[in-house]
Amino acid sequence: MWKRTARGRELHFYLAGINNQNFLMRDRETGSWWQQVTGRAISGRLAGSTLESMPNDELTFALWKSEEPHGLVLAPVAGHGDKDYDKKWEQEVAKYPVPLSFPQQGLKDRDVILGVEMGGQARAFPLDRVRGPNPVEDKIAGVPVVFVTGPDGASVRVFRSQWNRLDIDLYRDPQLDRESEVKSLDWHLLDSEGNTWNFAGCATSGPAIGQCLEKINSLKDYWFDWKNYHPRTTVYSH
Amino acid sequence: MDKSEKLGLPVLLALLTIFSLLLFLIPAFVIRPFTHQSENGLRLAIAVKRIAPALTMVTLLGVLILSSRLWRSASRWLRTGIVTALTLSVASAAMVRQNYFEWMFHPIASAGFVSANDSHLGDQEMVMAVRIGQEARAYPILQMAYHHILNDTVAEVPIVVTY
């Protein structure tokens with residue numbers, strides 16, 4: 001997701017092609033060609049420009065709705081039904097051959113990763129290794145980060161695990177584990193400083209109450225595509 | 001028409017037609033799904049795509065002039081050739097003006113939105129979510145995986161949602 005302005009000009013994009021299974025778009029204003037995954041113009045008058053990334057989340061609808069009850073949802077476009085909005089689309093794509101292969105790092109080409117860039121470093125976090133009931137911690141370029149899976153067991157957010165310039169450890173509340181059914185509303189994490197945190201990354205009790213952790217943008221991508229655009233990426237391993 | 005013209009003009013006609021076809025086919029061949037695009041291949045394809053709309057018109061004009069010169073004295077075989085050359089040149093000039101990626105994945109001409117409560121989306125469906133200022137929007141991946149691109153404006157910020 002990008003801000004669609006470059007060199008002070010508002011742009012409108014349309015689908016224009018494909019490059020190693022990542023799509024190319026063009027803007028109506030200048031006809032320049034842009035790579036979707038990098039937000040960079042690769043050809044045309046705006047070549048070399050990069051769009052500013054727009055921080056966003058990938059959440060289940062139920063979780064998003066609980067956080068944003070007054071939000072708006074893109075409606076299905078008239079004339080497009082189940083045939084186009086194919087629920088099995090991702091599974092089907094997974095069967096397609098890949099145009100590039102980087103087998104050396106222990107990942108399969110179509111493994112889904114969350115890519116994070118910080119301080120000039122890129123790291124790929126295999127989704128199935130960071131998604132789970134317990135927060136997953138790591139350090140990128142010296143910055144402590146934590147991957148948190150929401151109460152729906154599907155949505156993942158990344159935060160800088162620092163509060164008050166202190167590195168904090170986030171962990172699951174053992175109390176919640178004992179309850180047979182965890183209600184979304186009760187869901188929270190604990191930290192080493194006596195705070196509780198909700199899935200928005202904000203403290204709901206403790207000395208940090210009312211404050212929020214810095215959110216880190218991550219990109220969900222196939223491993224081969226991430227590696228193609230981040231040749232020096234490392235892979236999370238713990 | 002002298003003898004050299006009699007042989008030369010049909011050859012020129014054929015070459016122009018092939019050239020026109022290549023203006024469509026080279027990018028179509030390079031930028032096809034599920035194959036590897038090399039950097040040079042992609043550069044060539046984009047360069048051809050940029051000049052193709054103008055060049056196919058020039059080529060078509062050339063084909064028209066040659067055809068009209070040749071037609072009167074042309075044999076039945078040559079006339080079949082002329083008609084073929086004209087058809088292919090017109091087709092090529094038309095195709096380079098088409099965006100067949102948008103035939104496959106129709107763009108969202110005007111996006112409609114519903115409130116979170118009115119949406120029929122399943123609870124477990126994934127959405128791309130954004131909040132700017134006081135405005136929050138969710139873009140179901142089910143839809144974005146098909147349309148791929150949505151130009152939107154949230155809290156007066158122009159954004160492009162891509163998936």
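Two residues are in contact if their C-beta atoms, placed from the backbone, lie within 7 Å. This tour concerns a predicted model, in which local features need pLDDT of at least 70 and side-chain atom pairs count only at pLDDT 80 or more, while totals for chains, interfaces and linings use all residues. Residues are numbered from 1 along each chain as its sequence is written, and chains are lettered from A and ligands numbered from 1 in the order in which they are written.

**Chain A as a whole**

Select chain A. Among its contacts between residues at least 6 apart in sequence, 42% join residues at least 24 apart. The C-alpha trace spans about 55 × 45 × 40 Å along its principal axes. Chain A contains five helices and 23 strands; helices (H or I, at least four residues) and strands (E, at least two) are DSSP runs, numbered from the N terminus. Of the 238 residues of chain A, 37% count as buried. A residue is buried if 20 or more other C-beta atoms lie within 10 Å of its own, exposed if 12 or fewer, and partly exposed in between, with C-beta atoms placed from the backbone.

Next, colour residues 5-43 and 114-216 of chain A separately: they are domain 1 and domain 2. Such bounds come from an automatic or database domain assignment. The C-alpha centres of these two domains of chain A lie 34 Å apart.

**Hairpins of chain A**

Select residues 112-118 of chain A, strand β10, and residues 219-222, strand β22; the two pair in the antiparallel sense over four bridges. Two strands pair if DSSP finds at least two bridges between them. Here I113(A) stands opposite D221(A). β10(A) is also joined by six antiparallel bridges to β11(A), residues 121-126, where F125(A) is the bridge partner of L114(A). The hairpin of β10(A) and β11(A) has two residues between the strands, and G119(A) takes a positive phi near 50 degrees.

Move to β12(A), residues 136-140, and β13(A), residues 143-149, which pair antiparallel over five bridges. E137(A) faces V146(A) across this pair, standing opposite it. Two residues separate the strands of this hairpin, and A141(A) in the turn has a positive phi of about 50 degrees. Continue to β14(A), residues 156-160, joined to β13(A) by five antiparallel bridges; T149(A) stands opposite V156(A) there. The hairpin of β13(A) and β14(A) has six residues between the strands, with G153(A) at a positive phi near 75 degrees.

**Chain B: the helices**

Select chain B, whose domain assignment gives domain 1 (3-98) and domain 2 (104-163). Their centres, taken over C-alpha atoms, are separated by 41 Å.

Within chain B, display α1, residues 3-30. This helix has 28 residues and reaches 40 Å from its first C-alpha to its last, close to the 40 Å expected at 1.5 Å a residue; the expected span is 1.5 Å times one less than the number of residues. A kink of about 30 degrees in α1(B) is centred on L22(B), the bend at a residue being the angle between axes fitted to the seven residues ending there and the seven starting there. Among the buried residues of α1(B) are L13(B), L16(B), S20(B) and F24(B). The cover over the buried residues of α1(B) includes α2 (39-71) and α3 (76-95) of chain B.

Follow with α2(B), where a kink of about 55 degrees lies at A52(B), shortly before the proline P53(B). The buried residues of α2(B) include A52(B), K49(B), T56(B) and L70(B). Their cover includes β4 (13-19), β6 (33-35) and β7 (40-43) of chain A together with α1 and α3 of chain B.

**Where the chains meet**

Finally, show both chains. The contact takes 49 residues from chain B and 48 residues from chain A. On the side of chain B that touches chain A, the largest share, six residues, comes from β5(B). The residues of that side divide into 32 nonpolar, 13 polar and four charged; Ala, Val, Leu, Ile, Met, Phe, Trp, Tyr, Cys and Pro count as nonpolar, Asp, Glu, Lys and Arg as charged, and the others, Gly among them, as polar.

At one, β9(A), residues 72-74, runs parallel to β3(B) through two bridges, and V73(A) stands opposite A138(B). At the other, an open antiparallel sheet of three strands has the order β1(A)-β5(B)-β4(B). β1(A) (2-3) and β4(B) stand at the edges, each with a single partner strand, so one side of each is left without a neighbour in the sheet. β4(B) and β5(B) pair antiparallel over six bridges, with I159(B) as the bridge partner of D152(B).
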